[in-house]
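Please look over the model below before reading my comments.

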Amino acid sequence: MNIRNLFTGLMLAGSVGFVSAQTTQTDSAAGTTNAAATATATQSANPAIDALKKQVEANPKDTEALAKLAGAYQEASDWTNAIDTWKKVSAAVPDWAPSYYSQAYSYQNAKDDANAKMAYEKYIATVKPEEVEQNKKNLAYAYFYIAFSEQQSDPDKAKEHIAKSLQYDPTNQDAVKLSQALNS
């Protein structure tokens, strides 16, 4: 299916940006202000976003254009519009796991940890058995994020999630460190 190939490509492109987002730290107050200003400036000066918006307006059921628009918002660090658009993709294609992963990524960048955790949980629940192999890195990160967010409130659940994370990616040093901390 062309849509699945597009989505896979979008996920690969999103994963590259996601890796840098995971390792980048910003001052949250300044970052939020700058992100909002950048998103507004980028949105009005981004011909790709404008073209995709027109394409989606012309055919709201065009999930391929909708996914491209969500990805474009992510590239522009416009997290609010990225989240809203990924939600539309998820509503249109509810069994397509990468849309939930992208929602979680956008929520995480928007500093909305509770919704990021829920979206990662939805992503994990939506990955089909035949898709596990191609999604191992993303599954590993999703489980890591959930474990990290639960380490204080539910250490036993966090241990379960970190074990799953390491099952999918035993080389993730952050997951190894969290596992050691949880199990010490």
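1. Basis. This is a predicted model, in which local features need pLDDT of at least 70 and side-chain atom pairs count only at pLDDT 80 or more, while totals for chains, interfaces and linings use all residues. Residues are numbered from 1 along each chain as its sequence is written, and side-chain values use heavy atoms, with hydrogens and water left out.

2. Fold. The protein has ten helices and zero strands. Its pattern along the sequence is α-α-α-α-α-α-α-α-α-α. Helices (H or I, at least four residues) and strands (E, at least two) are DSSP runs, numbered from the N terminus. The protein has 184 residues, and 42% of them count as buried. Buried means under 20% relative accessible area, exposed over 50%, and partly exposed in between (1.4 Å probe, protein chains only). Among contacts with a separation of 6 or more, 49% join residues 24 or more positions apart. Contact here means heavy atoms within 4.5 Å.

3. H3 against H4. Two packed helices are described by the angle between their axes and the distance between the axes. For helix H3 (residues 47-58) and H4, the axes come within 9 Å and cross at roughly 150 degrees. H3 is therefore roughly antiparallel to H4. Axes are lines fitted to C-alpha atoms, for helices over the stretch in contact, and angles run from 0 to 180 degrees between N-to-C directions. Angles under 35 degrees count as roughly parallel, over 145 as roughly antiparallel, 65 to 115 as roughly perpendicular and the rest as oblique. On the H3 side, the contact uses Ile49, Leu52, Lys53, Gln55 and Val56. H4 brings Ala65, Leu66, Lys68, Leu69, Ala72 and Tyr73. By class, the contact of H3 with H4 has eight nonpolar residues, one polar and two charged. Ala, Val, Leu, Ile, Met, Phe, Trp, Tyr, Cys and Pro count as nonpolar, Asp, Glu, Lys and Arg as charged, and the others, Gly among them, as polar.

4. H8 against H10. Helix H8 (residues 136-150) packs on helix H10 (residues 173-182) at an angle of about 35 degrees, with the axes 11 Å apart. Phe144, Ala147 and Phe148 of H8 meet Asp174, Ala175 and Leu178 of H10. The contact of H8 with H10 holds five nonpolar residues, no polar and one charged.

5. Cores. Which residues touch the most other members of the largest nonpolar core? Tyr120, Tyr123, Ile124, Leu139 and Ile162 do, in a core of 28 residues. H6, H7, H8, helix H9 (155-168) and H10 each supply at least two residues of this core. H8 gives the most, with nine residues. Another core, of 16 residues, lies apart from it and includes Ile49, Val56, Ala67 and Val89. A nonpolar core is a set of buried Ala, Val, Leu, Ile, Met, Phe, Trp, Tyr and Cys residues joined through side-chain atoms within 4.5 Å.

6. Backbone checks. Most residues other than glycine have a negative phi. Ser77 has a positive phi of about 60 degrees although it is not a glycine. Ser77 sits in the loop between helix H4 (63-75) and helix H5 (79-92) and is partly exposed, at 29% relative accessible area. Lys111, also not a glycine, has a positive phi of about 65 degrees. Lys111 lies in the loop between helix H6 (97-109) and helix H7 (113-126).

7. Glu64. This residue is in helix H4. Glu64 counts as partly exposed, at 27% relative accessibility.
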